[in-house]
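Me: I would like to learn how to read a few local features in a protein model. Could you take me through them one by one?

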Amino acid sequence: MLQQPPDPHVSSALTLKWVSRLMEATAPRDIANAMADLVRELPGCVGARMIWPADAPDVFDSTEKSPPVRDDLQQVRALLHSDDALIVAGGRVSLRVHADERAVLLAEFDNGVSALSFVNQLPDVWPAAVRHFRRALRLAELERSNRQLGHSEALQRALFAISELASSDLDLPDMLKGIHAIVGTLMYAENFFIVRHDAERDTLRFLYYADAEDTDAPDTLTDVTMQSREGSLTWHLITGGKALMGSAAQLRSQVSGALHIDGPHSVDWLGVPMLRDGQTLGALVVQTYEQGISFTFEDRLLLEFVGSHILTALERKQTKDELEHRVQVRTLELAQANRGLQQEVLERERAERLQSALFHIAQLATADIGETEFYESVHAAVGALINAENFFIALLSEDRRVLGFPYYVDEGARRSVSREVGRGLSEYVLRSGEPLLGTHAHIEHLGRSGDIDLQRIGQPAVCWLGVPLRVGDLVIGLVVVQSYREDVIYGPADQELLTFVALQIAYSIHRRRSAVSLQRAYADMELRVDERTRELSEQILQREYVQEQLKHQVMHDALTGLPNRGFLRERMDQVLMRLQREPGSRCALLYLDIDRFKVINDSLGHMAGDEMLKELGRRLQDCVREPDIVARLAGDEFSILLADVRSSEAVEGIAQRILDILCQPLQVAGRELQPSASIGIVIGDGSYIMADELLRDADLALYRAKERGRKRYEFFDESLANNVVDVLTLEGELLRALQRQEFEPYFQPIFRLASGQIVGYEALLRWKHPRDGVIGPSRFMKVAQDSGHIEAIDWLMFELSCRRFSRFAEDSTFLTLNVSALHVRHANFDRRLLSLLERTGVSPLRLIVEVTEGSLLDDPQLVRATLERLRGVGVGAALDDFGTGYSSLSYLHSLPLRMLKIDRSFVNALDEGMHATTTVVAAILALARALSIEVVAEGIETAAQRAALVQMGCEFGQGYLLGRPTPMEQWPDPRHGVVGAASAS
């Protein structure tokens, strides 16, 4: 059968409830749960759940704790592969939540009619919930991407560090210790060892072993046979060639055959083999002895990935050691072979040529010749000693970002080039500050290790020799010779020669640069002479300057130096006159207010506030250019006039840039502050005649920006002016409603949860509007407070509530009235309330006044004294919304309380089975019993919540499950009513 249309008052309350819940939720799962709960409250709905994409492709997450079942996924994929946004099959509904996302809502209804009317039943809050959910999904995706990027960067740094260790001169134990430290930055690796396997000899060696618990560590210098380790975890890891992970019981299930665990038993163990071409050459193992620390599948993948690089590092270290040994042996052999008279004669002749060439290069360094001629002469001198067919000199720019080549000869071709500093061979020499003598193989090795980028090198050289150019401790460039022929190979002697040449080149460059600096100094001196001359000329105009300065002071703010309100109004009048003459032209006025500036003044003092205003004024000036101006109007209010704007988008860009600049950190009075501002914007055209009209509309837009959360900008539109008129209209309607007594109390019952007996009522305010029907307080309460009508409305509410209560309620029940902070501030509140009770015939013993923690903060002593006087005549006091304030516990023992009301946020959380919430509620009940205070649970909406509260010993409760607020005359006689009777009526 068709469902009854929803009660508009209930829909409004439901919307308010879910708006509050959705604003509290931030994670996608929390928002999805809230949206699913919202759908479950629709008439005829028996179940609802949200399903959306998870991290991996084609993997979905859902509001359920377990992954979505197969039928649900088939239903989701069917909707996503169709062009429809909604599919209804019987009582099952599939709704695409948003076109750009793959999130889907699945709902089930008890009949097809309810399912067909599903979309029409959705509350007004649904589109906002969808947007909120979509933003949460995007934020979660950004957070996942950020974590993955951070993980990748950490892994890249670790692999680079391992590569550097492998190419270092450290001994193997020190290198492995460094590798252990690097692995420890990626995962938990306090207990860590590396083992190598020799397949030919079938032996093992523990190259590195670190264990906090094992006192019997293996010898890292001795090989052991595989047979001696048979059945151990290490043996299974090497022979199986597969990773092992888990506790002792889990490890036994992962291996075949017997398992013998040596040493202390670990809580969790992870081992991965180091493989090369399918052969196990070693293994890495980490283990933990602490509860709460365990390894994950991601740790296993990470260790396998790092293990392959560690194996490469070990092999590289071994190869390097072997190469060094061979080099030493070969060096000894060559030293013996080179002894002889003929070699001695050749060396003497070469020494004579070397001495002559070096003397010539030393003369060139001090010769008064051009830079190009100097480089050509140096090239010729070097070419007389070694093969320098391919020769170049490179210099770093002053900012060390560009590498220039003032002299470059390659394969007989002259070039003059430059490039940004990268990872070439030249940059490698500049970074290390040491000469590099590299063969083709050596260059490829540097490329594989990541020290250089082979793609930046171009045609590979057979042999490459580069020496840095130094001036003191600073490397300013390098000189390079290279060979593309197998018969031309450079050696240490060539390196020594080029090192001396580099010293002379660096000296010459330094001398030439010093000469340029001296010329600049002379130019600066001449400039200062000119400036002094101009200063003398300006003294003649000093009186005119003083007059202009006086005028400036009148039209500018003394603190910030910015134009003041008078200057701004004068300029605005000029701009508005131009707009009248030039139809189609537009201007823009930005009205700024510094957010929470009063807090700065009150906390740090007015001097700190002045410093902040001066700095913010300077930042604003940097955001504009002539003829636009920045003015300080008063206090923390600034204004920016843009004399000529082309589009609102351009103004938006300026406003956003201003917000970004203002929000940069600011040091004031030893504190780092994060200032922000709210901006109201009005676009002016020929319709504006006076400057005050622009200022008024910009101020209205600023007010909207502050209402919507600050730190933002808002444009003025006609709705703002209409809203002002609406507020004035509502104030007038509230006054007429008071005169006509259109306000009426609605009563929500308070039940004894165990028996279902009504024990009292809470009076709630409603406005019976002659046009809009019954209106809840949320629509008019703020206007009533701002206009000063709230106290008169409350006292009318108190009197009507007491009269209805005395007429219809059972004598054994009590009445609770919500009393705001405005009332308890009056010293005669208790006398006035007792007078009202006497007029209406309600016994003081049946009345309870509800106060919130907010009303206690202003003057707690006055509130306590008022409540004590009321208790003396029998009127009880209740603390409302307990648990949501700043110091709830401090009020329990200091105030004369008869009752406290647990906030609905704790009650709502009982449905989710949260242990922490259950513990808090139980603690509140225990504390209240110890202090002899009655407890009422608010907002009970499900049977599960009621059952949980009864089980914890909560005696009283109220909520939509038990009864909704209605006029008192519509409630049944409490002597015959049971729980739910009123809600069904």
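Reply: Gladly, and let us start with S932, which is exposed, with a relative accessible area of 65%. Here exposed means over 50% relative accessible area, with a 1.4 Å probe and protein chains only. This is a predicted model, in which local features need pLDDT of at least 70, side-chain atom pairs count only at pLDDT 80 or more, and totals for chains, interfaces and linings use all residues. Residues are numbered from 1 along each chain as its sequence is written, and side-chain values use heavy atoms, leaving out hydrogens and water.

Me: What is the phi of S932, and where does the residue lie?

Reply: Most residues other than glycine have a negative phi, and most peptide bonds are trans. In S932, phi is positive, near 60°. The residue sits in the loop between α31 (915–930) and β32 (934–937); helices (H or I, at least four residues) and strands (E, at least two) are DSSP runs, numbered from the N terminus.

Me: How should I read R596: is it buried or exposed?

Reply: R596 is exposed, at 55% relative accessible area. It also has a positive phi, about 55°, although it is not a glycine. Its place is the loop between β18 (587–594) and α18 (597–604).

Me: Which peptide bond is cis?

Reply: The one from E626 to P627, with omega near 0°. P627 belongs to the loop between α19 (606–622) and β19 (629–634).

Me: How many cavities of 30 Å³ or more does a search of the whole structure find?

Reply: On a 1 Å grid over the protein atoms alone, a cavity is a set of points where a 1.4 Å probe fits but cannot get out, and lining residues have an atom within 4 Å of a point. Grid points are joined across faces, edges and corners, and a volume is the space filled by probe spheres set on the points. The search finds two such cavities. The largest has a volume of about 40 Å³, and its lining includes L233, H265 and W269.

Me: Which residues line the second largest cavity?

Reply: They are R350, R353, L354, L385 and L497, around about 30 Å³ of space. Helix α11 (residues 341–366) gives the most to this lining, with three residues.

Me: And where does L116 lie?

Reply: L116 is in helix α4 (residues 112–116), and it is exposed, with a relative accessible area of 63%.

Notes
Buried < 20%, exposed > 50% of the residue type's maximum accessible area, 1.4 Å probe, protein only. 1 Å grid on protein atoms, 1.4 Å probe; cavity = no way out; pocket = protein on both sides within 12 Å on 5 of 7 lines; lining within 4 Å.
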